[in-house]
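Biologist: Hi! I'm new to this one, could you walk me through it?
Modeller: Happy to, let me put it on the screen.
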Amino acid sequence: MTKKELSQLYYLKKEIKEQQRRIAELEAAATKCTANISGMPSGKGISDKVGQYAAQIADLKAILDLNIKKCFYELNQIDRYIQSVEDPLIRQIMMYRFENHMSWRQIERAIGGNNNAESLRKRLFRYLRKN
């Protein structure tokens with residue numbers, strides 16, 4: 001696998017979070033109930049806020065469901081690839097970086113020893129270039 005393929009899970013998770021935020025925003029807009037206290041009669045008629053947003057919310061939920069399924073598929077694919085790596089240190093670096101989305105400093109602290117973030121990063125990218 002390439003670095004780009006291994007990084008797809010990160011971007012997919014970001015997309016899922018954004019879709020969840022957007023759904024919550026639309027649901028809040030659909031159920032928002034505030035009274036207009038101006039003293040003037042309103043001539044706008046009756047509007048159905050829930051009806052206006054229902055189709056958008058349903059579409060977004062379907063897309064979100066699809067992306068969650070893609071996320072599990074990607075996670076399984078990455079996990080199988082990581083488990084096929086023979087070097088335990090490389091496996092550990094890959095797990096921290098591509099499954100847990102840890103920064104290089106966090107990986108350095110998690111692995112410990114005399115490993116610094118830069119050497120771990122270089123070791124991983126060298127491995128990926130070779131394989």
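Biologist: Which element gives the largest share of the lining of the largest pocket?
Modeller: That would be H1, with five residues. Keep in mind that this is a predicted model. H1 and H3 each supply at least two residues of that lining.
Biologist: Nice. Which residues line the largest pocket?
Modeller: The lining consists of Lys3, Leu6, Ser7, Tyr10, Tyr11, Arg97, Phe98, His101, Met102 and Phe125. By class, six are nonpolar, two polar and two charged.
Biologist: And how much space lies in there?
Modeller: About 180 Å³.
Biologist: Back to the helices. How do H1 and H3 cross?
Modeller: H1 covers residues 3–31 and H3 covers residues 88–99; their axes come within 9 Å and cross at roughly 40°. H1 and H3 are therefore oblique to each other.
Biologist: Which residues meet there?
Modeller: From H1 you have Lys3, Leu6, Ser7, Leu9 and Lys13, and they meet Met94, Phe98 and Glu99 in H3. That contact has four nonpolar, one polar and three charged residues.
Biologist: Changing topic, at what angle do H3 and H4 pack?
Modeller: About 135°, with the axes of H3 and H4 (residues 104–111) 10 Å apart. So H3 is oblique to H4 as well.
Biologist: Is that crossing left-handed or right-handed?
Modeller: H3 and H4 make a right-handed crossing. Leu89, Gln92, Ile93, Tyr96 and Arg97 of H3 make the contact with Trp104, Ile107, Ala110 and Ile111 of H4.
Biologist: What classes are those residues?
Modeller: In the contact of H3 with H4, seven are nonpolar, one is polar and one is charged.

Notes: Residues are numbered from 1 along each chain as its sequence is written. This is a predicted model: local features need pLDDT of at least 70, side-chain atom pairs count only at pLDDT 80 or more; totals for chains, interfaces and linings use all residues. Side-chain values use heavy atoms; hydrogens and water are left out. Axes are lines fitted to C-alpha atoms, for helices over the stretch in contact, and angles run from 0 to 180 degrees between N-to-C directions. Helices (H or I, at least four residues) and strands (E, at least two) are DSSP runs, numbered from the N terminus. Angles under 35 degrees count as roughly parallel, over 145 as roughly antiparallel, 65 to 115 as roughly perpendicular and the rest as oblique. Contact means heavy atoms within 4.5 Å. Ala, Val, Leu, Ile, Met, Phe, Trp, Tyr, Cys and Pro count as nonpolar, Asp, Glu, Lys and Arg as charged, and the others, Gly among them, as polar. On a 1 Å grid over the protein atoms alone, a cavity is a set of points where a 1.4 Å probe fits but cannot get out, and a pocket is an open set with protein on both sides within 12 Å along at least five of seven lines; lining residues have an atom within 4 Å of a point. Grid points are joined across faces, edges and corners, and a volume is the space filled by probe spheres set on the points. A crossing is left-handed if the near helix is turned anticlockwise from the far one by less than a right angle, and right-handed if clockwise.
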